[in-house]
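Thank you all for making time this morning.

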Amino acid sequence: MTTITTNEIDAPKTGTKEASLVSALTGTGKTIAQLTDLLGWQPHTVRAAFTRLRKRGYIVERLKPEGDASSMFRLKPAPVKRRRAKA
């Protein structure tokens with residue numbers, strides 16, 4: 001029996017606001033305020049989009065800075081999921 005290695009992330013369609021969110025969250029990350037300005041969404045909509053990304057297989061990481069600064073959010077590379085192939 002062989003083992004198949006896959007990343008089970010359901011990527012959003014290109015050109016959508018959700019794809020823009022994924023692009024913005026790669027790298028150093030952004031605050032909720034930065035994402036609302038970038039996407040034209042309300043803060044609760046950005047947080048709901050985080051939930052949708054998690055359901056798609058993304059890992060949304062919260063970076064809590066020192067002091068009173070706002071939390072930053074970024075996408076963390078997803079662990080590789082392994083599943084067994086049918087014989």
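Predicted model: local features only at pLDDT ≥ 70, side-chain atom pairs only at ≥ 80, totals over all residues.

Let me begin with a term: by contact I mean heavy atoms within 4.5 Å. Residues are numbered from 1 along each chain as its sequence is written, and side-chain values use heavy atoms, with hydrogens and water left out.

The protein chain has 3 helices and 5 strands, where helices (H or I, at least four residues) and strands (E, at least two) are DSSP runs numbered from the N terminus. Read from the N terminus, the order of these elements is β-α-β-α-α-β-β-β. Of the 87 residues, 29% count as buried, that is, under 20% relative accessible area, with exposed meaning over 50% and partly exposed in between, for a 1.4 Å probe and protein chains only.

Now to the helices. In helix 1, which covers residues 17-25, the buried residues are Glu18, Ala19, Leu21, Val22, Ala24 and Leu25, and the buried residues of this helix pack against strand 2, helix 2, helix 3 and strand 4. Just after helix 1, glycine 27 takes a positive phi of about 95°.

How do helix 1 and helix 2 pack? Helix 2 spans residues 32-39, and the two pack at an angle of about 140° with their axes 11 Å apart; the axes are lines fitted to C-alpha atoms, for helices over the stretch in contact, and angles run from 0 to 180 degrees between N-to-C directions. The two helices are therefore oblique to each other, given that angles under 35 degrees count as roughly parallel, over 145 as roughly antiparallel, 65 to 115 as roughly perpendicular and the rest as oblique. On the helix 1 side, the contact is made by Lys17, Ser20, Leu21, Ala24 and Leu25, and on the helix 2 side by Leu35, Leu38 and Leu39.

Helix 2 also packs with helix 3, residues 43-56, at an angle of about 100° and with the axes 9 Å apart, which makes helix 2 roughly perpendicular to helix 3. Here Ile32, Leu35 and Thr36 of helix 2 meet Pro43, Val46, Arg47 and Phe50 of helix 3.

Strand 2 pairs with strand 4, residues 72-76, over 2 bridges: lysine 30 stands opposite phenylalanine 73, and threonine 31 has methionine 72 as its bridge partner. Strand 3 and strand 4 pair over 5 bridges, and glutamate 61 of the chain stands opposite arginine 74 in strand 4.

Conventions: Pairing = 2+ DSSP bridges.
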